[in-house]
Amino acid sequence: MKCVVCLKRVPDTGTRIKIDSSGTAIDDTDVEWIVNPYDEFAITEALTHRGSDGEVIILALGPEETTKEIRTALAMGADQGILLQVQRPPTDPLQTAQVLASALKELEFDLLFFGCRGVDDDNCAVGPMVASILDIPLLSDVIQFDVEGSKATVQRETEGGHEIGNMPLPCGITTQKGLNEPKLPSLPGIMKAKKKPLEIRPVELPDSSLEIVEMSFPPDRPPGKIVGEGADAVPELIRVLQEEAKVL
Amino acid sequence: MDPFESLDLFDIDALLTEEERMIRDTVRQFASDKILPCIREHTREGTLPRHLIPEMGELGLLGANLEGYDCAGLGPVAYGLIMQEIERADSGLRSFVSVQGALAMYPIHDFGSEEQKQKWLPPMARGEKIGCFGLTEPDFGSNPAGLRTRARKDGDSWILNGNKMWITNGTTADIAVIWARTEEGVFRGFLVEKGTPGLEAIEIRGKYSLRASDTAELVLEDCRIPAENVLPKTEGLKYALKCLNQARYGIAWGAIGAAQACFDEALRYSKERIQFGKPIASFQLVQQKLAHIATEITKSQLLCLRLGRLKEKGDIRHYQISVAKRNNVFHALEAARTCRDILGGNGILDEYHSMRHMMNLETVFTYEGTHDIHALIIAEHLTGIAAYE
C-alpha cells in the first residue's frame, strides 16, 4: 500500500504557552516542538499497512525546522518525507488543507492518514477538508482500521457506542487514541533516518478568509476558602455550600 | 508530576548533532514512560525490572555502540547520552545496560571468535540473552591482578575454580565472561553458559543500594567448559581493563543523569515548599546549594562531551576516563545528598527520587574503580609513579 501521513508540528504539551504582543498568536520563542501526538497514531497505523512493496510518505506543512519532526517520523520507520515549506504555518485550516491537497494530487496514494486533531489549535478540520477537496471518502476518529483488497473497514467511537463502516480505496482516516500503541523510534531507526529522502518544497499559501481576532487564557480560578476546622465547621460549610456556592 | 526539565546552562544541546539529540530524547521518554512508573516498586522489592529488557533490546539500547551483529552502531556521545538518560531514572537499570553492553557484549565483540560473536551478540542486542562480567573476587576488588580464580586445561576443556563477587546480572545471566588465570599465569576471559555444572549464582541480599539491580556471587567449582569458550584474543589483564574503560566511560555520563534527576526534583520542590511565608527557594542558603549543584552538573556535562569527542577520534586515554568518572560520580553523589537535604523530611520517603539516587550513587562511587583508585590512576599519569604497585 502506498500510504501518506500528513504530519503537524505542534508545541510540546508540557510547554507553558505565552501569547505574543499582537494578542492573536502564541509567542513561539521558548517553545519546544514535537510531532502532534495524534499523528503518532497515524504514522504507526500507516506502517502496519505498508506491506512489503509499499511505502509510507510523510507530508508536512510548516517552517524549515519541521524537518526535525519529519525525521522523527522517518526514524519511526517511514520511507520518505516532503516538507511544504512556509515561513509560518497558517492558522486557517482551509489554507493548510488546500496546500496539502494540491501536493497529494500528485502522489497517487492508496491510504491517507491524519491525526484526528492538532493539539495546538484543536480544529479537527484539516483531514475532512483535504478529503473533501480531493473528493475521496474519509472517516474520522478511527479506533480500528482494516484493509482488505480495495476495501477498508473502519470502526469509530460514537456517543455511547461504536460504528463500523466500509470505504473503497483510495480513502482517508483521522486517527483517534486507542487505534494502536505508538512505538518510540529505535536507535538504529534514528541513524537510518538521516539517509532517507526528505524533499523541501517552498509553497505559497492561498488567501484566507479567516481572521484570529483575539487569544486569551481562561480566567484564574478564584482562591479556595477555609471555613473552620473539625466537626464545628460543618454547619458553616453547609451554609456556604447552600447560600454562596449554591450546590446543595 | 511535571515532565523532567534538564539543566543546560551552557547551551550544550547546540554541540550535539540532530541524531544525538533525537537519541537522547527517545531514551529520555523511555525512562519517563517505562522505568520511572515502576522503579519504586522494584526498589522496594529489590528486583530488576526484567519486563523492560525486551523493550530495551527493541529500542537498540543494548550494546548500542558496537558495530554489526544487530547492534545499533552509535557513536560514543550518543552512547553516553543513553547512559545519562537511563541513569536519570535509576543507576541500577543503567548498571544493567552497562554490564550487558560494555562488559559482556564488548569483550565478545572485540576479543571473541567469529562463532562466538554470531552466537551471542544478536540475541544479546535484542535482550533475549543476558550477560555478566566476573572479574572482582571477595578478596580482590581494587587489586584484580591478585585474583585467585584458576583455569586448567584438560583435554578439550577448561576447568574453572574460584569465586566472583558483586556480579551485576549474576543470577539472570545466560552467559558469564569469567576472568581467570591459566596454569601458565596468563589472565584470560572465558564464556561460561548458565546451567553449566559447577557454576552457581547466589543472589546478594540486604543491599541499601542498586536495589533494582541483580547482584550476585558466582561460585565456580570444577566448572568444565569447552576449550573453544575461551575468548581467543584475551591474553593478559589489560583486556579485562579495556572492558572496564568502556564501562567507566558510560558511568561518567550516567552520573550526570542521576544528578540532573535530583536537581530537577529539588528545584521544583524548593519553589513550591513554603516556610516562613515564602518558598524555600527564596532563601540564600537554598539558592547557594542550587547554584553549586547546577555549576557542577554543567562542568560534568562539558567534561563528558569533550571525552566523547576524544573517543570519537580514537584519542581517548584511560586517565581521562578516570578524571570524568571520579569527578562526575563524586559530584552526583554530593548533589543527591544536598537535594535530599533540600527536600527536608519528605526527602526520606520513596515518593521522592533523590534519596534513591543517593543510595545508588554510593555504589557507583565505589564500583568500576573506587573514587580513590581513580585518583591514583590520574596521579600515576601526572607523576609517573604508580602508588598501587
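Entry 1. I looked up Val234(A) and found it partly exposed, with a relative accessible area of 40% (buried means under 20%, exposed over 50%, partly exposed in between, with a 1.4 Å probe and protein chains only). Val234(A) sits in helix 6 (residues 234-243) of chain A, where helices are DSSP runs of H or I with at least four residues and strands are runs of E with at least two, numbered from the N terminus.

I note that this is a predicted model, in which local features need pLDDT of at least 70 and side-chain atom pairs count only at pLDDT 80 or more, while totals for chains, interfaces and linings use all residues. Residues are numbered from 1 along each chain as its sequence is written, chains are lettered from A and ligands numbered from 1 in the order in which they are written, and side-chain values use heavy atoms, with hydrogens and water left out.

Entry 2. I then turned to chain B, which has ten helices and nine strands. Its radius of gyration is 21 Å, close to the 21 Å of the globule rule for 389 residues, so chain B is as compact as a globular protein of that length (the radius is taken over C-alpha atoms, and the rule is 2.2 Å times the number of residues to the power 0.38). The C-alpha atoms of chain B fill a box of roughly 80 × 45 × 40 Å along the principal axes, and buried residues make up 58% of the 389 residues.

Entry 3. Finally I checked Glu228(B), which is exposed at a relative accessible area of 57% and lies in the loop between strand 7 (215-226) and helix 6 (237-272) of chain B.
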